[in-house]
Amino acid sequence: MRGGHPAHEEGGTVAPERYGPATGGAARLPGPRRAAAAPPDGPDGPGTDAGDEASGKGGKGRALTGIAAAAVTTCLAIVVAGQVADREDDAPAVRAAQQPAERTSEDSASRSDERPKPASPAPVKRQPAPTYEQLMTRQFPIDPKLAGPGDFEAVPGLDKAPGKGQKYRYRVDVEKGLGLDAKLFARAVQQTLNDKRSWAGQGAMTFERISTGKPDFVVTLASPGTTGTWCAKSGLDTTVDNVSCDSASTERVMINAFRWAQGSETFGPKAMHAYRQMLINHEVGHRLGHNHVTCRTPGALAPVMQQQTKSLEIDGIGCRPNPWVYPGS
């Protein structure tokens, strides 16, 4: 239904009923009609007031009923039409709601290409390994009363003699359990002995480190307790000042690990490298046949064969620390 009126049936036309004035109680209908049966005579028959009133009331009731039905039909038609119109009006909104919303250019937070990326952790910078020179300047922790097991290990490898002259072949042993860098110690021995300021500096000799075969002597890094034991074999007491020795009756040149790690007061902590060079040159010097020498000129460099670990002043003459055989070379 549309327009608020009843729809017409296909194949004919039904005119709406018309209601005229109540004359005789019957509504006039166009066209031929079948004659109505005559009402019976009596009080309720035609012509009486009661009959006229009843006919008049009946006609009015039918008229009111028709009007009410037409009004209801019209209201329903209006409601239905409004619902249809609402559906048509809402259809674009429904379709829009069912479709994914378009992203606006301002919605940058939802765009993966513009969203802030989490900060990457800063790469960890690896510290470069300390150089030989840097390690030689450092002090290392050790107990001054440490007594090791007395077992040794040879530092593996071969360091060829770099110079000419008489070749001395030596081995480097390190006592087990010291916690010190054996390779650093072996490198220090080789580089110190073959330095131009050392025993090989005049070209009369050269030194070669071996780890197998028969050596001329063994440079040994040992705990204070073990150093004392091996030095005592040659009649030397190193326990008083915790020093090193050349155990001449054995093959071992003993380097006290406490002195190697901590140095001495005479050189101080800032001259650890020089002190270690002096320690090697002094004790190997004994193995080469050199005895102790003292400084005779105040303020001069102390001879490498002076007992510089104990003192730089002998007989009232003070000298400066010196690690080299030929310091001016």
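**A tour of the salt bridges**

Start by selecting Arg197, which is partly exposed, with a relative accessible area of 26%. Here partly exposed sits between buried (under 20% relative accessible area) and exposed (over 50%), using a 1.4 Å probe and protein chains only.

Before you click on, know that this is a predicted model, where local features need pLDDT of at least 70, side-chain atom pairs count only at pLDDT 80 or more, and totals for chains, interfaces and linings use all residues. Residues are numbered from 1 along each chain as its sequence is written, and side-chain values use heavy atoms, leaving out hydrogens and water.

A salt bridge means a side-chain nitrogen of Lys or Arg within 4 Å of a carboxyl oxygen of Asp or Glu. Asp195 is buried, at 17% relative accessible area.

Next, pick Arg296 and Asp315, whose side chains form a salt bridge at 3.9 Å, N to O. Arg296 is in the loop between helix H6 (272-287) and strand E7 (313-314), while Asp315 is in the loop between E7 and strand E8 (317-318), so this pair ties together parts 19 residues apart in sequence. Helices (H or I, at least four residues) and strands (E, at least two) are DSSP runs, numbered from the N terminus. Are these two buried or exposed? Both Arg296 and Asp315 are exposed.

Last stop: Arg171 and Asp173, joined by a salt bridge of 2.9 Å, N to O. Both of these residues are buried.
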